[in-house]
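The sequence and the structure are shown first.

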Amino acid sequence: MTNSARLDAELAPKLDALKEQSLYRLRRVVEGPQGPEIALEDGRYLNFSSNDYLGLAAHPAVAQALRLGLEEYGTGSGAAHLVTGHSRAHHAFEEELAAFTGRERALLFSSGYMANLGVASGLLKRGDRVLEDRLNHASLLDAGLLCAARFGRYAHADVVDLKKHLLADGDGRTLVMTDGVFSMDGDVAPLRALSQAADAAGAFLMVDDAHGFGVLGERGRGSLEHHGLGSAEVPVLMGTLGKACGTFGAFVAGSEALIETLIQSARTYIYTTATPPALAEAGRAALKLLHAEGWRREKLKALIARFREGAAQLDIKLLPSITAIQPLVVGESADALALSQRLKERGMLVAAIRPPTVPVGTARLRITLTAAHEESHVDRLLDALKAVSLG
């Protein structure tokens, strides 16, 4: 048996087991741009599985900025930021993100995953501690596990449990890391109480606002604005650009000292090629729209209210959420897959989320709404849910 065949023989049983447990994952091939209606290989569907919360992923102004950026800068950055890859476009975008978030500096990363790894590894060393919410995104959990610091988790959104962890003996720096909006439950972290607990213990709070940035707050500044918090309470802010902004990448915003420390020590920033400058130009255009067109957030809020009211009338029990993420817990993975398929047969694309993304026994439909949806789309989804006998 060749090495290749032996490797395949070792891998195959695990794949077979995933299929038997209804945990095997398949990629859908999308034809064309993101939008409220999406084209797959087998037809067109109303799309309730996208993180394009403000409907900017295919906005003409963002696409035009990308095209102009390609003409000016080409397709690639050519190097890491600290070599020759940091363009005027990157620099301008960082300055605009800093101004938008009300912080001294911002630093672009190639993804939210890389940003979270960079923060943990850049700020923590052996002997330090990192404490995380049990339902944090995988990128935050991996950041805590892979850095040199001691790793601990507190019960979901439980400030009392966090305080118990903070009181435990520990030398060095302590960083508390939490999602602003939890990506699978849609709830908002109790950031003010978390900040107060961290501050009282001499710890520092970092918020991953991937699903809040651009969506929450009167001006779209995210979960911190929603809670009335700033850099004094939350010194480390991470946001992604592939959701509400409709482009790609991520950023960390904070003080001059924080950003300079990450530039000097965050390995996921130092040792990777910078994203294409054209993407920074697209991000700049998206940020302008996010800032100027508050009606997108207002429309999204109205659609969320309409959906939740309709679901309540049908006795569909959603998890509590004021955000674009509206989860319907089903329980078993096979049941969640079957329900997703029945909705697909009625023209609705709603992703079934299963372990290990969510805890065992809490497989769910992760229904997401966007500003690109219309009231008629929400009503059609409610009709489809009623038809599959959820009421």
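## Second largest pocket

The lining of the second largest pocket divides into eight nonpolar, four polar and four charged residues. In this classification Ala, Val, Leu, Ile, Met, Phe, Trp, Tyr, Cys and Pro are nonpolar, Asp, Glu, Lys and Arg are charged, and the others, Gly among them, are polar. The space in this second largest pocket is about 390 Å³. Of its 16 lining residues, N136, A138, P356, T357 and V358 are the closest to the centre.

A pocket is, on a 1 Å grid over the protein atoms alone, an open set of points where a 1.4 Å probe fits, with protein on both sides within 12 Å along at least five of seven lines; lining residues have an atom within 4 Å of a point. Grid points are joined across faces, edges and corners, and the volume is the space filled by probe spheres set on the points.

## Basis of the model

The model is predicted: local features need pLDDT of at least 70, side-chain atom pairs count only at pLDDT 80 or more, and totals for chains, interfaces and linings use all residues. Residues are numbered from 1 along each chain as its sequence is written, and side-chain values use heavy atoms, with hydrogens and water left out.

## Largest pocket

The largest pocket holds about 1300 Å³ of space. It is lined by 49 residues, and R28, S49, A351, A352 and I353 are the closest to its centre. Elements that give two or more residues to this lining are α1 (3-20), β2 (37-40), α5 (112-123), β9 (236-240), α14 (333-344) and β13 (351-353). Helices (H or I, at least four residues) and strands (E, at least two) are DSSP runs numbered from the N terminus.

The largest share of the lining, four residues, comes from α14. By class, the lining of the largest pocket has 19 nonpolar, 19 polar and eleven charged residues.

## Sheet and packed helix

Three strands, in the order β11-β14-β13, form an open antiparallel sheet; strands pair if DSSP finds at least two bridges between them. β11 (325-331) and β13 are the edge strands, each pairing on one side only. From one strand to the next, the twist averages 30 degrees.

Six bridges join β11 to β14 (residues 363-368) in the antiparallel sense, and P327 stands opposite R366 in β14. Helix α14 packs on the sheet and touches β11, β13 and β14, its direction making about 35 degrees with that of β14. Contact means heavy atoms within 4.5 Å; axes are lines fitted to C-alpha atoms, for helices over the stretch in contact, and angles run from 0 to 180 degrees between N-to-C directions.

## Residue S22

S22 lies in the loop between α1 and β1 (30-31). S22 counts as buried because its relative accessibility is 17%, where buried means under 20% relative accessible area (1.4 Å probe, protein chains only). Not counting residues up to four places away in sequence, S22 touches S333, A334, L337 and R354.

Key. Buried means under 20% relative accessible area, exposed over 50%, partly exposed in between (1.4 Å probe, protein chains only).
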